[in-house]
Amino acid sequence: SEYTAQPDGWIALATAAVLAPVVRAPRATLRHMAVAGFVAGLFALVKPFYGMFVFVPLAFLAVQHGRDWRRTAGAVALAAAASAVPIALTVAWFAARGALDALLEVHLLYTARTYNGGGVELGARLGALARFAGSTRGVPVAAVLPLALVGAVALWRAGRRPLVTALGTWVAVAVFCVLLQNKYYGYHWIPVHLALLVLAVVGGVALLRARSLLPRTAAALALLAVAAGAALPAARSVARWALYATGRRPPDVYHASFTDKSPSRPDQRMRAGRYVAERAAPGATVAVWGTDPGVLHYAERPAPFRIGAWSYPVFNAMGSAEQRRYAAEYVRDLQTRSPDFLVSNRRLSARGHRLLATHPAIARVVAARFVLDTTIGPYEIWRRRAAPSRLAPSVVAPAGSTLPLAGAPTGR
């Protein structure tokens with residue numbers, strides 16, 4: 001599907017892979033817990049809170065061992081020690097290269113203070129969680145939840161209480177991670193869906209073994225809906241790719257078939273990037289205003305500074321101390337390390353994005369140093385005024401292309 005580039009699905013699959021040998025063994029071993037801890041440490045390097053998935057096998061072990069608290073405590077200690085290994089190695093690698101501050105800022109502080117919306121109240125997050133829970137794409141939740149509840153009851157009655165506890169812990173941790181991120185993107189729900197799918201399959205099989213025709217029919221229909229909801233989006237993506245790979249669908253049409261909540265379409269992104277690639281010299285640089293680093297891929301040019309590829313920190317959590325600091329950094333880098341092209345999918349001109357009201361300092365720099373070259377869909381492609389030598393020789397700026405921001409200075 002479109003989410004294979006996101007880490008959340010792989011986190012869910014790795015959790016299942018770690019849990020599988022634990023639940024199949026007569027007794028969970030210390031070796032199992034060491035592996036689980038190490039993998040959880042790797043999870044924390046992807047997204048810090050994903051390290052909490054270590055509680056899934058630990059919950060299984062705690063219930064399985066019952067009152068053997070000494071053995072459970074030893075397993076917990078071993079898992080914690082194993083999880084610290086990849087984290088410690090990573091910290092040491094960054095520290096040895098003088099980049100420990102950057103690691104802490106980007107991996108911990110930014111995500112905690114800025115990315116999640118700047119500290120939204122718990123009540124607001126729970127409300128958003130409830131609104132988005134039933135609207136995520138993929139597996140139909142309405143069909144999964146009843147079967148999952150039946151599966152949990154069936155496993156509990158069959159004496160598989162450790163497994164029920166582990167899967168319940170999995171769901172709770174996954175939902176909590178969605179809540180922490182406070183974005184509710186479709187791929188954030190994949191770990192939740194996978195745990196529910198395991199329980200749903202168990203519940204469906206239990207109902208199919210019932211003596212009465214009604215529960216068997218209901219189970220068959222529900223399992224069919226679950227299978228269709230899980231398989232059809234992936235099958236659609238594969239079919240779409242196959243048409244593109246065999247040349248039966250042109251690249252522009254293929255890219256245009258992807259839709260999301262962004263103001264731009266992928267085919268427009270590709271056209272904007274290629275427009276820059278055709279006009280930028282090999283040593284030119286390109287900055288992005290907005291959340292569209294894919295432009296750089298098509299432009300085949302690097303960003304000149306770190307927020308130049310993805311300026312989300314500049315306009316997220318508006319008014320917070322972190323947001324103001326990132327905005328000041330963007331202004332400074334835009335002045336001192338000016339790119340040859342500035343591509344925006346958030347209108348820099350007065351027609352759209354209110355840059356003058358939200359970021360007047362950035363607006364002044366753009367108006368003073370850049371000229372609007374062209375627009376492609378929602379994209380505005382700005383060319384630096386003072387660097388004609390870094391443009392491709394064949395490029396001539398279109399007549400009348402100067403469009404400074406309304407109300408901003410127009411000096412060079």
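User: Which residues line the largest cavity?
Analyst: In this predicted model, the lining is made of Thr15, Val18, Leu19, Ala36, Val39, Ala40, Phe43, Phe53, Val54 and Pro57.

User: Which elements give two or more residues to that lining?
Analyst: Helix 1 and helix 2 do. Helix 2 gives the most, with four residues.

User: And how do the lining residues divide into nonpolar, polar and charged?
Analyst: Nine are nonpolar, one is polar and none is charged.

User: What volume are we talking about?
Analyst: About 60 Å³ for the largest cavity. A search of the whole structure turns up one cavity of 30 Å³ or more.

User: OK, switching to the largest nonpolar core. Which residues touch the most other members?
Analyst: Leu19, Tyr50, Phe53, Leu167 and Trp170, out of 46 residues in that core. Helices 1, 2, 3, 4, 7, 8, 9 and 10 each supply at least two of its residues, and helix 8 gives the most, with 11.

User: What does Trp170 touch, leaving out residues up to four places away in sequence?
Analyst: Ala12, Thr15, Ala16, Leu19, Phe53, Val56, Pro191, Leu194 and Ala195. Thr15, Leu19 and Phe53 also line the largest cavity.

User: What's in the second core?
Analyst: That one is separate and has 21 residues, among them Tyr312, Tyr326, Leu342 and Leu372.

User: Now the whole protein: how many helices and strands?
Analyst: 17 helices and four strands.

User: How much of the protein is buried?
Analyst: Buried residues are 44% of the 412. The protein exposes about 20,600 Å², with carbon and sulfur atoms supplying 64% of that area.

User: And what share of the contacts with a separation of 6 or more is between residues 24 or more positions apart?
Analyst: 69% of them.

Notes: Residues numbered from 1 in each chain as written. Predicted model: local features only at pLDDT ≥ 70, side-chain atom pairs only at ≥ 80, totals over all residues. Heavy atoms only, no water. Buried < 20%, exposed > 50% of the residue type's maximum accessible area, 1.4 Å probe, protein only. Contact = heavy atoms within 4.5 Å. Areas by Shrake-Rupley, 256 points an atom, 1.4 Å probe, with all protein chains shown as cover. Core = buried A, V, L, I, M, F, W, Y, C linked by side-chain atoms within 4.5 Å. 1 Å grid on protein atoms, 1.4 Å probe; cavity = no way out; pocket = protein on both sides within 12 Å on 5 of 7 lines; lining within 4 Å. Points joined across faces, edges and corners; volume = space filled by probe spheres on them. Nonpolar A, V, L, I, M, F, W, Y, C, P; charged D, E, K, R; others polar.
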